[in-house]
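Here is my note on the model, written as numbered points for reading beside the coordinates. Please have the structure open while going through it.

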Amino acid sequence: MFRCHRVGAASVSRRLLLRSSTTPLLLRPLMHLRQPAAKRVLSSTTSSRKPVASVPEATWIDRHAPPALAPYMKLTRMDRPIGTWLLLLPCWWGSAMAHAASASVSSASTAFVSSTSSALIAALPPTVTAPALAVLMGKFALGAFVMRGAGCTINDMWDRDVDGKVTRTRLRPLASGAVSVRQGIAFLAAQLSAGLALLLSFNNYTIALATASLPLVVVYPLMKRVTYWPQLVLGLTMNWGALVGWTAVTGAAHWPVMLPLYAAGVCWTLVYDTIYAHQDKADDAKLGLRSTALRFGSQTKPWLSAFGAGMVGCLALAGSA
C-alpha cells in the first residue's frame, strides 16, 4: 500500500506539471516513459549498489529467549514448528488407522468377518480406549518434538561447512559458530537420551521398529552429496512414524496397511521438500550438491503431480486393506 501511495502521488504531480503552460515542451517526453517517476528515482539510486544478501528475519527466539539458550533453541528450529508437524502427522495416521481397525474388528460378528479381517484379528489387541489413544498421541507429539530437534542437530553438524556458504542457512548456530561442535555433540546426546527415555514407554515391537530408523536419520544429510534423490531418503525417514504409530497401538505389524500408508507419506514428502529445495537450487548447484529440484528442473510440475497421485492412491490402498 505504501508503494501505491508513492506512485499515485508521483503520477498526480506529473499531471499537474504537464498542465502548466510554461514548461510543456520540457515535460512532454515524460508522457512516453512507462516507469513512474518514483520508481525511476529509486532504480537510479540503487542500480550502482551491490546486491546485499538477505538476512533471516528475527523470530520470537531473538526477541524473548535468554541469550544462553537462544542458539540451542534455534538449532532445534523451535521457531519453525512445521518440521515437528511433518514428523508427527504420519505417527498419528498410523495410530488412528490401527485404532479404527481394532474397533471395527472387535465389534464385528465372527460370522461376517472376511478372510482379510480374520488375518488382521491376530495382529490386534482389545480395542484401545479413547483416553489411552489420547495419551499415546501425546507421547508421539513429545517424541516428534524431541527427535525433530535431534535430526536438525545431526543435519547441521554434517552441513556446518556447507551451511556457511548458503544465504538461507549461513546464520545457523553451528555454521555461524554460536554453538561449537563439542557443544553440539553434548546437546545431541541430551536430545537422544530424552528420546530414548520416551521410546522405552512403548511396547517392545515398537521400540525395535523405531530403533531401526536411526541409520536413515544419520545418513540423510549426506545424501545430497551422492544422489539427486535426497528427498526420497528424507521421505523414508520422516514417515517412519506411520509404521511405528500402528505398532504402538497393536503391538504387531500388519504390512498390507502399514506399507501403503508409509508409501503415501514418502510421496507426500517428495512433493513438499522438492518445492522447498527449489529455493536453494542456485546455491546447491554452485556447491556441487544435489536435489530433486535440480533433477526435475522444468519438469517439476509433472513429477509432483505424479507423486501427489501416488499419495492419494496409496492412502486409498491402505484404507481398503
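Predicted model: local features only at pLDDT ≥ 70, side-chain atom pairs only at ≥ 80, totals over all residues.

1. Residues are numbered from 1 along each chain as its sequence is written, and side-chain values use heavy atoms, with hydrogens and water left out.

2. Helix 18 covers residues 300-320, and its 21 residues reach 30 Å from the first C-alpha to the last, close to the 30 Å expected at 1.5 Å a residue. Helices here are DSSP runs (H or I, at least four residues) numbered from the N terminus, and the expected span is 1.5 Å times one less than the number of residues.

3. Which residues of helix 18 are buried? They are Thr300, Leu304, Phe307, Met311, Cys314 and Ala318, where buried means under 20% relative accessible area, exposed over 50% and partly exposed in between (1.4 Å probe, protein chains only). Seen down the axis of helix 18, the buried residues fall within an arc of 80°, so they line one face of the helix; the arc is that of the directions from the helix axis to the C-beta atoms. An α-helix has 3.6 residues a turn, so residues three or four places apart point the same way. On the face turned away from the buried side, helix 18 carries the exposed residues Lys301, Ser305, Ala309, Val312, Leu317 and Ser320.

4. The largest nonpolar core has 42 residues, of which Leu136, Phe140 and Phe202 touch the most other members; such a core is a set of buried Ala, Val, Leu, Ile, Met, Phe, Trp, Tyr and Cys residues joined through side-chain atoms within 4.5 Å. Among the helices that each supply at least two residues of this core are helix 6 (82-107), helix 8 (130-163) and helix 18, and helix 15 gives the most, with nine residues. Apart from this core lies another, of eight residues, including Ala150, Leu174, Val179 and Val217.

5. The count of disulfides comes to zero, a disulfide being a pair of cysteine sulfur atoms within 2.5 Å. The sulfur of Cys267 is 5.2 Å from the closest cysteine sulfur, in Cys314, which is too far for a bond. Cys267 counts as buried at 14% relative accessibility, and Cys91 counts as buried at 8%.

6. Arg77, in the loop between helix 5 (70-75) and helix 6, is buried, with a relative accessible area of 11%. The side chain of Arg77 makes a polar contact with the side chain of Asp156 (2.8 Å). A polar contact is a pair of N or O atoms within 3.5 Å; within protein, one must be able to donate a hydrogen and the other to accept it, and residues adjacent in sequence count only if both atoms are side-chain atoms.

7. Gln231 has its place in helix 13 and is buried, with a relative accessible area of 6%. The side chain of Gln231 makes a polar contact with the side chain of Asp273 (3.2 Å), and a polar atom of the Gln231 side chain lies 3.0 Å from the backbone nitrogen of Thr292.

8. Val218 lies in helix 12 (residues 214-223) and counts as partly exposed at 37% relative accessibility. Val218 and Gly151 are 67 residues apart in sequence and 8.0 Å apart in space, C-alpha to C-alpha.
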